[in-house]
Amino acid sequence: MRESTSKLTTANIAIYGIMMALTTVATMVISIPSIATKGYINLGDAMVILAGFVLGPVGGLTVGGIGSALADILLGYAYYAPFTLVVKGLEGLIVALLYRKALKGKLSFVAGAVGGIFMAFGYFVVEIFMYDLPAAIASLPGNIFQGLVGAFLATILLKSLGKKLF
């Protein structure tokens, strides 16, 4: 797998675009509404985490933020989009930094799980201010579950890709 660089190439733009589209679609395919916060549980974290694994920090940040925020907008949750842009972008960045720098390409599930848990607590903080503490607490278990499932799926996808792509 090649690391995404700061150099903007046609190949990088295409890969980022494809990964953003996959993130948007994965987020939209299964969208389970959360009553407490008017948000939703989804599978998009698998693509955000995978982007962090295969595209590095810039790719994880870009794909995670933009792909996920676009899904919010398309699903009618535009009020979440600015927060999603930041939280999911940072999730992808954290996964990439942990996986590539700290864990040296090992323990992918651990890197993904840390990113997924960060995502859950990022939304927890946002939802305290958007709603209230009880609503934020009510949505936390679902968000943690979503992040851990995303880490698990991304790890399986990473293993299945091997060194075939990127």
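This is a predicted model: local features need pLDDT of at least 70, side-chain atom pairs count only at pLDDT 80 or more; totals for chains, interfaces and linings use all residues.
Tyr123 is buried, with a relative accessible area of 8%, and its place is in helix 4. Helix 3 covers residues 81-102, while helix 4 covers residues 108-130.

**Tyr123 and its surroundings**

- Setting aside neighbours within four places in sequence, Tyr123 is in contact with Tyr80, Thr84, Val87, Lys88 and Asn143.
- Tyr123 and Asp45 lie 78 residues apart along the chain, and their C-alpha atoms are separated by 13 Å.

- Lys88 sits in helix 3.
- Is Lys88 buried or exposed? With a relative accessibility of 3%, Lys88 falls under the 20% cut-off, so Lys88 counts as buried.
- Leaving out neighbours within four places in sequence, the contacts of Lys88 include Asn42, Asp45, Val48, Gly60 and Gly64.
- Also among the contacts of Lys88 are Gly65, Ser68, Met119, Tyr123 and Gln146.

**How helix 3 and helix 4 pack**

- The two helices pack at an angle of about 155 degrees, and their axes are 8 Å apart.
- That angle is over the 145 degrees needed, which means that helix 3 is roughly antiparallel to helix 4.
- The crossing of helix 3 with helix 4 is right-handed.
- Which residues does helix 3 bring to its meeting with helix 4? They are Phe83, Thr84, Val87, Lys88, Leu90, Glu91, Ile94, Val95, Leu98 and Tyr99.
- From helix 4, the residues taking part include Ser108, Ala111, Gly112, Val114, Phe118, Met119, Tyr123, Val126 and Met130.
- The residues of this contact between helix 3 and helix 4 divide into 14 nonpolar, 6 polar and 2 charged.

**A closer look at helix 3**

- How far apart are the end C-alpha atoms of helix 3? They are 30 Å apart; at 1.5 Å a residue, the 22 residues of helix 3 should span 32 Å, so the two values agree.
- The buried residues of helix 3 are Ala81, Thr84, Val87, Lys88, Gly89, Glu91, Gly92, Val95, Ala96, Tyr99 and Arg100.
- These buried residues of helix 3 pack against helix 2 (44-74), helix 4 and helix 5 (133-161).
- Here is a general point for reading such a list: an α-helix has 3.6 residues a turn, so residues three or four places apart point the same way.

**The loop between helix 3 and helix 4**

- Lys104 belongs to the loop between helix 3 and helix 4, just after helix 3.
- Although Lys104 is not a glycine, it has a positive phi of about 50 degrees.
- The relative accessible area of Lys104 is 64%, over the 50% cut-off, so Lys104 is exposed.
- Leu107 is found in the loop between helix 3 and helix 4.
- Leu107 is not a glycine either, yet has a positive phi of about 55 degrees.
- Leu107 is exposed, because its relative accessible area is 54% and the cut-off is 50%.

**Phe129 in helix 4**

- Phe129 is found in helix 4.
- Why does Phe129 count as exposed? Its relative accessibility is 70%, which is over 50%.
- The C-alpha atoms of Phe129 and Gly56 are separated by 31 Å, and the two residues are 73 residues apart along the chain.

Technical notes
Residues are numbered from 1 along each chain as its sequence is written. Side-chain values use heavy atoms; hydrogens and water are left out. Helices (H or I, at least four residues) and strands (E, at least two) are DSSP runs, numbered from the N terminus. Buried means under 20% relative accessible area, exposed over 50%, partly exposed in between (1.4 Å probe, protein chains only). Axes are lines fitted to C-alpha atoms, for helices over the stretch in contact, and angles run from 0 to 180 degrees between N-to-C directions. Angles under 35 degrees count as roughly parallel, over 145 as roughly antiparallel, 65 to 115 as roughly perpendicular and the rest as oblique. A crossing is left-handed if the near helix is turned anticlockwise from the far one by less than a right angle, and right-handed if clockwise. Contact means heavy atoms within 4.5 Å. Ala, Val, Leu, Ile, Met, Phe, Trp, Tyr, Cys and Pro count as nonpolar, Asp, Glu, Lys and Arg as charged, and the others, Gly among them, as polar. The expected span of a helix is 1.5 Å times one less than its number of residues.
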